[in-house]
Amino acid sequence: MSQSPGAIGVLLPCDIPTADMIPFAREADAYGFDELWVVEDLGYRGGLAQAATVLAHTRRIRVGLLPAAARNVAFTAMEVATLAQLYLGRLDIAVGHGMPDWMRSAGAWPRSP
């Protein structure tokens, strides 16, 4: 995430009840956190949907997204570009290989990470 010196972020828990996601994000924004990270984790929620929801219900906080490597790169780029255009300057993307155990469970672990 492209952060300024001293930026402070908070992680949206992957197991937070759906009804608490928006209030959590709004409080993080109101309390002055610079960044809010959403996590895509098997068995919970998709990262893109969470990022879009958080961006739509906050005013200034930057949102970070950690998409799994299982996604098709072209479709990921389209989704990310759309969010970046809708919420100028408020979206950061971090792409990781995902958690090995759940990537294997989803049949998405590469031969060589």
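How many bridges pair S3 and S4, and in which sense do they run? Read on through these close-ups of a predicted model.

**View 1. The S3–S4 end of the sheet.** S3 and S4 are held together by three bridges, and the pairing is parallel. Look for Val-63, which sits opposite Leu-91 in S4.

**View 2. The whole sheet, strand by strand.** Here are four strands in an open sheet, ordered S1-S2-S3-S4, with parallel pairing. At the edges you'll find strand S1 (9-11) and strand S4 (91-93), each pairing on one side only. From one strand to the next, the twist averages 25°.

**View 3. Strand S2 and its two partners.** On S1, strand S2 (residues 35-39) pairs in parallel through three bridges; Gly-9 has Glu-35 in S2 as its bridge partner. With strand S3 (residues 62-66), S2 makes five bridges, again in the parallel sense.

**View 4. The crossover from S2 to S3.** Follow S2, then H2, then S3, and you have traced a right-handed β-α-β unit.

**View 5. Helix H2 packed with helix H3.** The axes of H2 (residues 47-56) and H3 (residues 73-86) come within 11 Å, crossing at roughly 5°. With that crossing angle, H2 counts as roughly parallel to H3. On the H2 side, Leu-48, Ala-51, Ala-52 and Leu-55 meet Glu-79, Val-80 and Leu-83 of H3. Sorted by class, this contact has six nonpolar residues, one charged and no polar ones.

Technical notes
Residues are numbered from 1 along each chain as its sequence is written. This is a predicted model: local features need pLDDT of at least 70, side-chain atom pairs count only at pLDDT 80 or more; totals for chains, interfaces and linings use all residues. Side-chain values use heavy atoms; hydrogens and water are left out. Two strands pair if DSSP finds at least two bridges between them. Helices (H or I, at least four residues) and strands (E, at least two) are DSSP runs, numbered from the N terminus. Axes are lines fitted to C-alpha atoms, for helices over the stretch in contact, and angles run from 0 to 180 degrees between N-to-C directions. Angles under 35 degrees count as roughly parallel, over 145 as roughly antiparallel, 65 to 115 as roughly perpendicular and the rest as oblique. Contact means heavy atoms within 4.5 Å. Ala, Val, Leu, Ile, Met, Phe, Trp, Tyr, Cys and Pro count as nonpolar, Asp, Glu, Lys and Arg as charged, and the others, Gly among them, as polar. A crossover is right-handed if, with the strands pointing away from the viewer, the path from the first strand over the helix to the second runs clockwise.
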